[in-house]
Amino acid sequence: MAITQNYKLNLIQWYPGHIAKAERQLKEQLKLVDVVLEVRDARIPISTHHPQVSEWIGNKARLLILNRLDMISPEARELWSDYFRTHHEIPFYTNAQEGKGIIAVSKAAQSAGSAVNQRRKERGMLPRPIRAVVIGFPNVGKSALINRLLGRRIVQSAARAGVTRSLRWVRISKELELLDAPGIIPLRLDNQEVALKLAICDDIGEASYDNQKVAAAFVDLVGELQETAADILPENPFLSRYNLESTPYSGEEYLYALAEHKYQGDVERSARHILNDFRKGLLGQFPLELPESIIN
């Protein structure tokens, strides 16, 4: 895809100081952890995988959690499940805001760490709570997941990137302790198509990108996905939402056309509405990336 070239996007980079500090602390705390819960955004499950996670966790047990289940269609979920199974992984799907899939994650985390207490028992030691860490990109739903696991709001959760700024252990039950960590993100986002998807999904700080350029590229990306996997996406999402068809326009042209059609010529307002409507699910359920075998 050449979506980032079409608009000569400014280089999207975002790496706040608190993330660098938290990453150093996380690497230290990982020595104490039995199980890693890696949370990704179900709309972009490849783009929200930190490339160094495998290196950091080594041989520790890991659960793959695809949050925002409500934001993708059942067909997309099935495609991703098949994809990850071929890579010897079984993803857990959650909607942390509504509590869906949480019980399965809790049971799986305890089961994955059970070998720890088996070894302690063999050594004549008493069992201890399984220690798990929740890691992932900013704003993928880590804190909401922890609050659901705990059954009450104990860690701050908000619909913007970078709210959690320090590491904190919380006791979930007698069997499970969780470390809530700030979002981690690569020091440099060398792949600007990945950076673009992070911006569209609000998984990166808003100060790092231009709303109009990102919204225009989003319209083009949806057009490309409709050409390659129309059965996975809702039919005519922009027409259904704004009563203005997008196919006759480039993404940039559509922003201006929509601004004239609906927002008194305010292009920035047009861009913000498109991005916010996608993030709230008002354009329908669809992913921004699919397994390569589907789109190639």
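The following legends describe close-up views of a predicted model.

In this predicted model, local features need pLDDT of at least 70 and side-chain atom pairs count only at pLDDT 80 or more, while totals for chains, interfaces and linings use all residues. Residues are numbered from 1 along each chain as its sequence is written, and side-chain values use heavy atoms, with hydrogens and water left out.

View A. G141 counts as buried because its relative accessibility is 17%; buried means under 20% relative accessible area, exposed over 50%, and partly exposed in between (1.4 Å probe, protein chains only). When neighbours within four places in sequence are left aside, G141 is in contact with N67 and A96, where contact means heavy atoms within 4.5 Å. D41 lies 100 residues from G141 in sequence, yet the two are 8.0 Å apart in space, C-alpha to C-alpha.

**View B. The salt bridge of K31 and E28.** A salt bridge is a side-chain nitrogen of Lys or Arg within 4 Å of a carboxyl oxygen of Asp or Glu. A search of the whole structure finds 16 salt bridges. One of them joins the side chains of K31 and E28, at 3.2 Å from N to O. K31 counts as exposed, because its relative accessibility is 60%. E28, with a relative accessible area of 48%, is partly exposed.

**View C. The salt bridge of E38 and R40.** The closest N and O atoms of E38 and R40 are 3.1 Å apart. Both partners are buried: E38 has 2% relative accessibility, and R40 has a relative accessible area of 4%.

**View D. The salt bridge of R62 and E89.** The side chains of R62 and E89 meet at 2.0 Å, N to O. R62 lies in strand β2 (residues 61-67) and E89 in the loop between α4 (74-86) and β3 (92-94), so this pair ties together parts that are 27 residues apart in sequence. R62 is partly exposed, with a relative accessible area of 28%, whereas E89 counts as buried at 17% relative accessibility.

**View E. A network of salt bridges.** Which residues are linked in a network of salt bridges? The network contains E38, R40, R62 and E89.

Terms used. Helices (H or I, at least four residues) and strands (E, at least two) are DSSP runs, numbered from the N terminus.
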